[in-house]
Amino acid sequence: MKKRILFLVLGCSVLLAVFSCNQHQEHMSADAAVSLESADTNSASAEKIEGQQAVERKIIKEGSIRFETDAASETRKQITAALATYKGYVSQDHAETYASQSVYTLTVRVPAENFEKLLSDITTAAKKVENQDIRALDVTEEFIDVESRIHTKKELENRYKALLSKANKVEEILSIEKEIEALRSDIESYEGRLNYLKNSVAYSTLTVVFYEKQTSTSTFGYEFSTAFKEGWSNLVSFTLGLFYIWPFILITIGVLYLVRRRIKRRKNK
């Protein structure tokens, strides 16, 4: 009897020991799983942060400058030479001559990395800088968004193409082709915007306005010449206008002659 009791006690002790070991192993497994999940989360967060830091910022640089110069033609040559040095080009060129000054307006584009260098060279050619405005627009977020939309649209387009190859009914084929056409239109629109952003980021735009003041002698000569040219132009225009309306002039003269003649007849009576 005592042996049976002893065996029962020993058996219970063994069962309790095994149960406690299983619980300990379960706790250990749970802790390990939590730590792995935490490690994965931290790793994903780190990768995301590194990815964000690795993204190159997309900056559009634009600016304008207005200044006075002693010799506008020479200044224009200096700007053209600087553009050749920094691999830029003139996109718009406009010149006007007024009574008191000659004004040149150049819109130039230059690789973004040479923007500050070109601006510095142009500033050194100025006699007096009246206005300077430089802007930097960060389009990184829009750039990434447009790229993502293009990628998504292309994937969807490929899926529709796969469905189109398996379609048998005319209604299905027409419906799928319509969806593909709409997707293709969206993709081309986004690609156009992306190309514009790439070009704007790669090449900065600078509007350069510079002028040269005229002396009083040249001002009087210019005013006299301008007045003579405008007077002659007005005279020619007036003469040509008379030739255009000569029938109406003859009719008017005839009517006046008849009215005057009738008035004379009444007076004689």
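This is a predicted model: local features need pLDDT of at least 70, side-chain atom pairs count only at pLDDT 80 or more; totals for chains, interfaces and linings use all residues.
Q: How many aromatic pairs does the structure hold, and is the pair of Phe67 and Phe210 stacked or tilted?
A: The structure holds 3 aromatic pairs. For Phe67 and Phe210, the ring centres are 5.7 Å apart and the planes stand at 15°. Planes under 30 degrees apart count as stacked, so the pair of Phe67 and Phe210 is stacked.

Q: Is Phe67 buried or exposed, and is Phe210 buried or exposed?
A: The cut-off to keep in mind is that buried means under 20% relative accessible area. Phe67 has 0% relative accessibility, so Phe67 counts as buried. Phe210 has 0% relative accessibility too, so Phe210 counts as buried.

Q: Is the aromatic pair of Tyr89 and Tyr203 stacked or tilted?
A: Here the distance is 6.0 Å centre to centre, with 55° between the planes. Tyr89 is in strand E2 and Tyr203 in strand E5, 114 residues apart, and the pair links these distant parts of the chain. By its angle, the pair of Tyr89 and Tyr203 is tilted.

Q: What is the relative accessible area of Tyr89, and what is that of Tyr203?
A: Both values fall between the cut-offs of 20% for buried and 50% for exposed. Tyr89 is partly exposed, with a relative accessible area of 37%. Tyr203 is partly exposed, and its value is 28%.

Q: In what order do the 5 strands form the open sheet, and which stand at the edges?
A: The sheet is open, its pairing is mixed, and its order is E2-E3-E5-E1-E4. Each edge strand has a single partner strand, so one side of each is left without a neighbour in the sheet. The strands at the edges are E2 and E4.

Q: How many bridges join E1 to E5, and how many pair E3 with E5?
A: E1 and E5 run parallel, with Ile65 standing opposite Val208 in E5. E3 and E5 pair in the antiparallel sense, and Val108 stands opposite Leu206 in E5. The bridges number 7 for E1 with E5 and 11 for E3 with E5.

Q: Which residue in E3 does Glu96 stand opposite?
A: Strands E2 and E3 pair in the antiparallel sense, over 8 bridges. In E3, the residue opposite Glu96 is Val103.

Q: Are H4 and H5 roughly parallel or roughly antiparallel?
A: Helix H4 covers residues 140-166 and helix H5 residues 170-202; their axes come within 9 Å and cross at roughly 155°. Angles over 145 degrees count as roughly antiparallel, so H4 and H5 are roughly antiparallel.

Q: Is the crossing of H4 and H5 left-handed or right-handed?
A: The crossing of H4 and H5 has a handedness as well as an angle, and it is left-handed.

Technical notes
Residues are numbered from 1 along each chain as its sequence is written. Side-chain values use heavy atoms; hydrogens and water are left out. Axes are lines fitted to C-alpha atoms, for helices over the stretch in contact, and angles run from 0 to 180 degrees between N-to-C directions. Helices (H or I, at least four residues) and strands (E, at least two) are DSSP runs, numbered from the N terminus. Angles under 35 degrees count as roughly parallel, over 145 as roughly antiparallel, 65 to 115 as roughly perpendicular and the rest as oblique. A crossing is left-handed if the near helix is turned anticlockwise from the far one by less than a right angle, and right-handed if clockwise. Two strands pair if DSSP finds at least two bridges between them. Rings of Phe, Tyr and Trp (its six-membered ring) pair if their centres lie within 6.5 Å; planes under 30 degrees apart count as stacked, over 60 as edge-to-face and the rest as tilted. Buried means under 20% relative accessible area, exposed over 50%, partly exposed in between (1.4 Å probe, protein chains only).
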